[in-house]
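This report looks at how parts of one protein chain pack together, and it asks the reader to follow each part in the structure shown below.

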Amino acid sequence: MFFQHIFESSLAHSSYLIGCQAKGVAMVIDPKRDVDTYLEIAAKNNLKITHIAETHIHADYLSGTLELAELTGAQCYLSDEGGEDWQYEFPHIGLKDGDQIHLGNLIFKVLHTPGHTPESLSFVLIDTPATMDPVMIFTGDFVFVGDIGRPDLLENAAGLIGTKEVGAQQMFKSLQHFLTLPDYIQVWPAHGAGSACGKALGAVPSSTVGYERIRNWAFQYQNNESDFVAELLEGQPEPPRYFAMMKKLNKIMRPLQTSVPQYPKLSMEEFTRLYQSGTTVIDTRHKFDFAKGFLPGSINIQHNRTFNTWAGWILDYKQPFVLIIDEKDKDEIARKLMRIGLDHVVGYISVETIPQLRIPLEQQQLIGFQEMNKELKNPDVQILDVRNATEFSEGHLPNATHLFVGTIENNLDKIDQNKELYLHCQSGDRATIAASILAKHGIKDVKIYSASVNDWKARGGILVK
C-alpha cells in the first residue's frame with residue numbers, strides 16, 4: 001500500500017493519495033483544486049489515479065474532483081446519502097452506507113456519518129494483503145483530532161434555517177457508531193488546526209479511535225444528548241461568507257481550472273484604466289507597508305496564511321478584480337485564489353509599480369498602547385473591535401463596539417462618524433483590512449491600534465466581558 005497525506009496550510013486542509021502498488025492504481029480523497037500535486041505524486045510512484053472520492057460537499061474550498069477527473073479519466077465516488085437536496089448534480093458513482101470501493105488489493109468500506117452535513121461519509125480502509133481488519137478511517141469533517149465537525153454551516157452559511165439542531169442530533173448518533181470501531185484504527189480527517197470547520201481542531205495531523213475516545217471532548221457526554229448538542233452549537237466562529245458559494249459550486253458541473261492560472265501583468269496604462277473605472281484593487285502587501293502608502297480605494301488583504309479566507313470574505317464572486325503583488329508570490333497567490341474559486345482576476349501589477357503610477361497615496365494612522373489606553377473613557381471616541389463574536393465575548397476593550405471585519409461593509413450605519421474612530425483586532429491584520437474597507441467608503445479618519453491583544457494585556461491594558 002502507498003499512502004501520502006497532503007496538507008495545505010492556507011486552508012488547514014488535508015487530502016490523501018492512497019495506492020495499491022501491486023496493481024499500480026491510486027485514489028485521491030478530498031482533492032484540492034490545484035491538482036498538479038496529485039499528478040506529480042502519482043507519476044513519481046508509478047501510480048495511475050483511477051478513483052476520486054469525497055467525504056462530503058465541502059464548504060471551505062472548491063473541490064478539485066472535476067479537474068482531476070478531467071485530467072486522469074478517473075471515476076468519481078461520491079455520496080448519494082442525505083436526501084434529495086444533497087445530491088451531486090454531475091456524473092458519479094453513488095455511494096451508500098455499507099458500500100465498498102475496491103482499489104487493487106485495497107478495500108474502502110463506506111460509512112454514512114451525518115452531522116456536519118446530511119450526506120457526509122467516512123471511508124474505512126482495509127489493506128487485504130496484510131489483514132482483513134481495518135487499519136485507517138478517513139473521516140472528512142466528521143471527527144477531527146480533538147474536535148468534531150460543526151453542524152451549523154448549513155444554517156449559518158447557506159441559510160437553511162432549522163438545520164443546525166438536527167445536524168447536532170445526527171452527529172451524536174454518528175459518534176456512537178464511531179465508538180464501535182477498534183481503538184487501534186488510525187483517524188485521518190480533512191482538516192487540522194486553523195480550519196473554520198470546527199471550534200478547536202488539534203495541530204497533530206492524525207489520531208486513533210482510542211485516543212479520540214479518551215481525549216476528544218465530544219465523546220465525554222455518554223448518553224447526555226441535550227448537553228452535547230448545547231456544547232456543540234455554542235461558540236462556533238462566524239463561517240466565512242464564501243462558504244455558501246462553495247456549497248453551491250461543489251454540487252454542480254462548473255467551469256474547470258485544470259492548471260494554475262497565469263495572471264497577466266498589466267501595463268501602467270491598463271491598470272490605470274481599470275482603477276479609474278472602479279475595478280476592485282486588492283493590495284497584498286504586509287499591513288505596515290500598506291499603511292505607509294496605498295492607492296485610494298484599494299483593500300489590503302495581506303499575502304499570509306489567511307489570505308484566501310479574507311479574500312473569500314471580502315470579494316464578490318461575480319466581480320472582476322486586480323491584484324498588487326510581489327512577483328515572487330504570484331504562483332502561490334494564484335493557487336490560493338483558485339482553491340476557493342475566485343477566478344475573475346483581470347491581472348496584476350507588482351508592488352514596485354505603485355510609485356510609478358503617480359497617483360497620490362493615502363496613509364493609515366497607526367497608534368501604540370499609550371494613546372489607545374488614554375482614550376478608553378473618552379465619550380467622543382468610538383472603539384471598533386473587528387474580531388469575531390467569540391473573541392469579543394471572551395474579553396474586549398472597555399466601551400468597544402463589536403463590528404466584525406467580514407461584515408463591516410454591511411454595517412456602516414453602526415459607525416458614529418461624529419466621534420473619533422479607533423479600530424483594533426487580535427493582532428492588527430484584520431484591523432488593516434477593516435480600515436481599508438472604511439477608507440473605500442469615505443471613512444478615512446481612523447486610528448488603528450495594531451499591536452496584539454496579548455501585548456495589550458502584557459502592558460496592563462484592561463479587558464472586560
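## Two packed helices

Helix 10 (residues 307-314) and helix 11 (residues 330-338) pack with their axes 9 Å apart and at an angle of about 50 degrees. Helix 10 is therefore oblique to helix 11, since angles under 35 degrees count as roughly parallel, over 145 as roughly antiparallel, 65 to 115 as roughly perpendicular and the rest as oblique. Phe 307, Asn 308 and Ala 311 of helix 10 make the contact (heavy atoms within 4.5 Å) with Ile 333, Lys 336 and Leu 337 of helix 11.

## About the model

This is a predicted model, in which local features need pLDDT of at least 70 and side-chain atom pairs count only at pLDDT 80 or more, while totals for chains, interfaces and linings use all residues. Residues are numbered from 1 along each chain as its sequence is written, and side-chain values use heavy atoms, with hydrogens and water left out.

## Helix 4 and its cover

Helix 4 (residues 163-178) has 16 residues and reaches 22 Å from its first C-alpha to its last, close to the 22 Å expected at 1.5 Å a residue.

## A buried aspartate

Asp 147 lies in the loop between strand 10 and helix 3 (153-156), and it counts as buried because its relative accessibility is 1%. Leaving aside neighbours within four places in sequence, Asp 147 is in contact with residues including Lys 199, Glu 212 and Trp 217.

Notes: Axes fitted to C-alpha atoms, helices over the stretch in contact; angles between N-to-C directions. Helix = DSSP H or I, 4+ residues; strand = E, 2+ residues; numbered from the N terminus. Expected span 1.5 Å × (residues − 1). Buried < 20%, exposed > 50% of the residue type's maximum accessible area, 1.4 Å probe, protein only.
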